[in-house]
Amino acid sequence: MHLNGICAVNDPEVVQLFQFEFHMIAKETKMNSQPITEITKRSWYKRNEIAITPWLFLTPAILFFLVYVIFPIVQSFQVSAFAWDGLGEREYVGMANYKELLDDPAFYTSLRNNVVWLFMYLLAIPAGLFIALFLNQTVRGIRIYKSLFFFPFVISQVVVGLVFTWFYDPTFGLLNTILGGVGLGPINVLGDPTYVTYGIIAAGLWPQTAYCMILYLTGLNAVDPEQIEAARLDGAKGWKMLWYVIIPQLKPATFIAFVVTIVGALRSFDLISIMTNGGPFGESRVLSFYMFEVALSEYGFRLGYGAAIAVVLFMIMLCFIVYFLYSMYKEEKGH
Amino acid sequence: MFPKPIEKSSRSVQIGYQFMIPVALILWLLPLIAVALFSIKPGVDFTSGSYWSLPSAFGGAENYGKVFFESDMPRYMLNSLMITIPTAIGAVLLSCMAGFALGIYKFKANLWLFFLFVAGNFVPFQILMVPVRDLTLDLGLYNTKTGLVLFHVAFQTGFCTLFMRNFIKGLPYALIESARVEGVAEWRIFVFVVMPLMKPAIAALFVLIFTFIWNDYFWAVVLTQGVESQPVTAGITSFNAQFRAAYHLMSAGAIVAALPPVAMFFLMQKHFVAGLTLGAVK
């Protein structure tokens, strides 16, 4: 993986310039250091400097990451084997929480909605590609248009949720005003168990499509013009050109779009919490939201049961994480 | 370039395209434009039921005035700033160091550690929720900005390290080698050789983390409650409860809450996009 545009220091002149500076830095170092006689018995640190330095630099990051990310994952697995209200004694219950999940209709609703989210959310990728192709021109003012199209991604999901709640409102919402204009009856998107999840996903697709669009715009910028010319000479154009020449070259952008979209779909929480709070009748819950509801809301503090739901969600994510890491590993070895 | 540059098409296609872009943009931003319109309508428009007419008078000054002077909004905004900025500084600092270690040195655990950071970054928040909340309570940091900042720094370090490590790997290794030949101490290589070259990456990460943390809602709800420490994403729900059904005020509040990351984006667009599209190009 490489960064686009922001690292271009392969210039030999720059290297020379730096070499001059090293002289200065090295001089300073020597002046501060011990007399020459000491060099033969340099300190233990000096002798092992190259082996130790990376660990010194890594320590703070590893420490933070262990305490707040790695240990909590292990602890969640532990907690899921207990019945616990967060205050009193933990009571070991073994697999009872997981057994209870199997008979919990709310769990199945959440799981089903998670699957719907995963598939529907992926629509952001072709939609983003479509907008990117539409905007990949050099007419005047196009830069401003590109940033304005990207705009929804910068806004917090809380605000996106509010905006779309009003957009869907059955009495005054823009959607129903427009539908009413063409003679279609009002739909209460967020109040109808069949539509509610799709309505929320549509709101989520708005910023996610913008994200995929910016990935593809960057990708399109780097497509090899010679290959396009060669393909044009061979008579390729339109769809064929897109499918056989352009999309293969956009593979890195597609991979990242896929990763961020999957992660985003499984993390969906903000929109559901703001737009419906899981309703109506719990029909818009997903695992992440149901877990929160069980563990930390008025339904009572059942942290053990919540942790069990989180573990299921984590296991689903783990399949994707393994795939992502495997792809990155192949990439690293390829270099 | 693909698709074919529009300048090579006929005049009518070009005009058609020039006309289509703004139309598409308006459709794309329609929900947002509606909210912006709501926020400058006077309250009387809503009680009389004329939601979609043009504003009967300009109510913007009054609406936004109410948000700033008659609600807790300024307090929430301040909280958000006091959470977002230390987090961005902390995460960038930690990841500069970790990225330097992983990008420059060859040692056995290198790739494994790197993948650990990457994997942690994809984890669903909910698996961390119960233990992190518990830990924060034990540390006495529940419902404090510090508690949120510590967690955010730790979690964002995953993404930031991925970013920094790849950036540093792209730097010419010859620079580091020649510095070593000159006898420059390793930590001095970090401070005087690598850091100056990392400025664009640092800027990119800073804007990205600022936006991510400003927009965080989940952890704000899990680790804080009440006006003393809640950021604006969580605060806006209490704001909306205060002004229930006053759509002109709720719209103004939503726009105010969304503004800082938007401003950040437009000011630092180049860095923002460079950061976000990391790896999108080979």
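**Labels and their grounds**

Reply: Start with Leu175(A), which sits in helix H9 (residues 174-181) of chain A. Bear in mind that this is a predicted model.

Me: Why is Leu175(A) called partly exposed?

Reply: Leu175(A) has 19 C-beta neighbours inside 10 Å. Buried needs 20 or more, and exposed needs 12 or fewer. The count falls in between, so Leu175(A) is partly exposed.

Me: Which residues is Leu175(A) in contact with, leaving aside neighbours within four places in sequence?

Reply: Phe167(A) and Tyr168(A). Ile62(A) is another matter: its C-alpha is separated from that of Leu175(A) by 49 Å, and the two are 113 residues apart along the chain.

Me: What does Val163(A) touch, not counting residues up to four places away in sequence?

Reply: Pro31(B), Leu32(B), Val35(B) and Ala254(B).

Me: What makes up the contact between chain A and chain B?

Reply: Each chain is represented: 97 residues come from chain A and 97 residues from chain B. On the chain A side, helix H3 (residues 49-79) gives the largest share, 19 residues. By class, that side of chain A has 72 nonpolar, 21 polar and four charged residues.

Me: Which parts of domain 1 of chain B touch domain 2 of chain B?

Reply: The contact joins 14 residues of domain 1 to 13 residues of domain 2. Helix H2 (30-39), helix H3 (43-47) and helix H4 (60-69) of chain B each supply at least two residues of the domain 1 side. H4(B) gives the most, with five residues. The domain 1 side divides into eight nonpolar, four polar and two charged residues. The centres of the two domains of chain B, taken over C-alpha atoms, are separated by 33 Å.

Me: Why is chain B called more spread out than a compact globule?

Reply: Chain B has 15 helices and zero strands. Its radius of gyration is 24 Å, while the globule rule gives 19 Å for 282 residues. The value is well over the rule, so chain B is more spread out than a compact globule. Along its principal axes, the C-alpha trace of chain B spans about 80 × 65 × 30 Å. Buried residues make up 50% of chain B. Of its contacts between residues at least 6 apart in sequence, 76% join residues at least 24 apart.

Me: How do you know that the span of helix H7 (residues 126-138) of chain B agrees with expectation?

Reply: H7(B) has 13 residues, which at 1.5 Å a residue should span 18 Å. The end C-alpha atoms of H7(B) are 19 Å apart, which agrees. After H7(B) comes Gly140(B), with a positive phi near 75 degrees.

Me: What makes H7(B) mostly covered?

Reply: Ten of its 13 residues are buried. Among them are Ile127(B), Leu128(B), Met129(B) and Arg133(B). The cover includes H3, helix H15 (287-296) and helix H16 (303-334) of chain A, together with helix H8 (145-169) and helix H12 (218-223) of chain B.

Me: Which residues of helix H6 (residues 110-122) of chain B are buried?

Reply: Leu113(B), Phe114(B), Phe117(B), Ala119(B), Gly120(B) and Phe122(B). Their cover includes H3, helix H13 (251-267) and H16 of chain A, with helix H5 (73-104) and H8 of chain B.

Me: Why is Phe281(A) called exposed?

Reply: Phe281(A) has 11 other C-beta atoms within 10 Å. The cut-off for exposed is 12 or fewer, so Phe281(A) qualifies. Phe281(A) lies in the loop between H14 and H15 of chain A. Its phi is positive, about 55 degrees, although it is not a glycine.

Me: Why does Asn277(A) count as partly exposed?

Reply: Asn277(A) has 14 C-beta neighbours inside 10 Å.

Me: What makes the peptide bond from Gly279(A) to Pro280(A) cis?

Reply: The omega of that bond is near -5 degrees. Pro280(A) lies in the loop between helix H14 (270-275) and H15 of chain A.

Definitions and conventions:
Residues numbered from 1 in each chain as written. Chains lettered and ligands numbered in written order. Predicted model: local features only at pLDDT ≥ 70, side-chain atom pairs only at ≥ 80, totals over all residues. Helix = DSSP H or I, 4+ residues; strand = E, 2+ residues; numbered from the N terminus. Contact = placed C-beta atoms within 7 Å. Nonpolar A, V, L, I, M, F, W, Y, C, P; charged D, E, K, R; others polar. Domains from an automatic or database assignment. Expected span 1.5 Å × (residues − 1). Rg over C-alpha atoms; globule rule 2.2 N^0.38 Å.
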